[in-house]
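Please open the structure in the viewer and keep the selection panel at hand.

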Amino acid sequence: MTQHPTNEHRPANDGPKAAARNRAALISAAREIYAEHGLDAPLSSVARRAGVGQGVLYRHFPDRAAVATAVLEENVRQVEKAAEDLTFAGVLGVMTWHLTESAAFIGLLHADEAGRSGVRAYALALSERVERALRGHLRDGHRLGAGNDLMLAVAMVSGAVTGPTREERERRALAAWRLLDVEVGPVRPFEE
């Protein structure tokens, strides 16, 4: 007589919870992989780092641009959340962490390549959201409050974020903020 396995030996299907966990793991893995190897890193590396198969990756993100924009969106969302809870210096610390962790995206944010125009338009919209979050913390008369000075300072710092390690990128970003005479809080991700 053939015995059929019972459901007690199968792992539970978490459905939507698993999908949300997988998506978050893929975004985190993409941020790490792209920071280490650049935007041309194989998507299979992202899936492997996230602990999922490539099919799961493509279920969430149909192409490389979708992965990149998801990471950018998550970066901006965290800066916006930080702006709700932290001081201006604290928000700059969170934003600086994202710059050092996502250094490969700095080129994407500043790209003018026609092939990435859809991503560029989206990146510009995200940049405007960052500016709104930061501007909400500027007191009247702040040295970065005039014209485009705030985002020019952000662009200058992002241009300084280079180096082979996260620590080197952070050191250079903090040096750039210091040269601009801007106080930055602890460089860390925003914890909700």
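**The whole chain**

Begin with the entire protein chain, bearing in mind that this is a predicted model. Colour it by secondary structure: there are nine helices and zero strands. Of the 192 residues in the chain, 44% are buried. Among contacts between residues at least 6 apart in sequence, 63% join residues at least 24 apart.

**The cores**

In soluble globular proteins, nonpolar side chains tend to be buried together. Which residues touch the most other members of the largest nonpolar core? Select Leu92, Met95, Val130, Leu134, Leu150, Val157 and Trp177, which hold that place among its 30 residues. Then display helices α4 (64–85), α5 (88–101), α7 (117–135), α8 (149–160) and α9 (166–179), each of which supplies at least two residues of this core. Apart from this core lies another, made up of 20 residues, including Leu26, Ala41, Leu57 and Val71.

Now centre the view on Leu92. Beyond the residues up to four places away in sequence, Leu92 touches Leu134, Trp177, Val182, Glu183 and Val184.

**The pair α5 and α9**

Two packed helices are described by the angle between their axes and the distance between the axes. Hide everything except α5 and α9: their axes come within 9 Å and cross at roughly 135°. This angle makes α5 oblique to α9. The crossing of the two helices, α5 and α9, is right-handed. To see where they meet, show the side chains of Leu92, Met95, Thr96, Trp97, Thr100 and Glu101 in α5, together with Arg166, Arg169, Glu170, Ala173 and Trp177 in α9.

**Asparagine 75**

Is asparagine 75 buried or exposed? Its relative accessibility is 8%, so asparagine 75 counts as buried, the cut-off being under 20%. Setting aside residues up to four places away in sequence, asparagine 75 touches Arg31, His98 and Ser102.

**Leucine 86**

The last stop is leucine 86, in the loop between α4 and α5. Leaving aside neighbours within four places in sequence, leucine 86 is in contact with Val91, Val94, His137, Arg188 and Phe190. Finally, use the distance tool on the C-alpha atoms of leucine 86 and glycine 185: they are 99 residues apart along the chain, yet separated by 9.5 Å.

Methods
Residues are numbered from 1 along each chain as its sequence is written. This is a predicted model: local features need pLDDT of at least 70, side-chain atom pairs count only at pLDDT 80 or more; totals for chains, interfaces and linings use all residues. Side-chain values use heavy atoms; hydrogens and water are left out. A nonpolar core is a set of buried Ala, Val, Leu, Ile, Met, Phe, Trp, Tyr and Cys residues joined through side-chain atoms within 4.5 Å. Buried means under 20% relative accessible area, exposed over 50%, partly exposed in between (1.4 Å probe, protein chains only). Helices (H or I, at least four residues) and strands (E, at least two) are DSSP runs, numbered from the N terminus. Contact means heavy atoms within 4.5 Å. Axes are lines fitted to C-alpha atoms, for helices over the stretch in contact, and angles run from 0 to 180 degrees between N-to-C directions. Angles under 35 degrees count as roughly parallel, over 145 as roughly antiparallel, 65 to 115 as roughly perpendicular and the rest as oblique. A crossing is left-handed if the near helix is turned anticlockwise from the far one by less than a right angle, and right-handed if clockwise.
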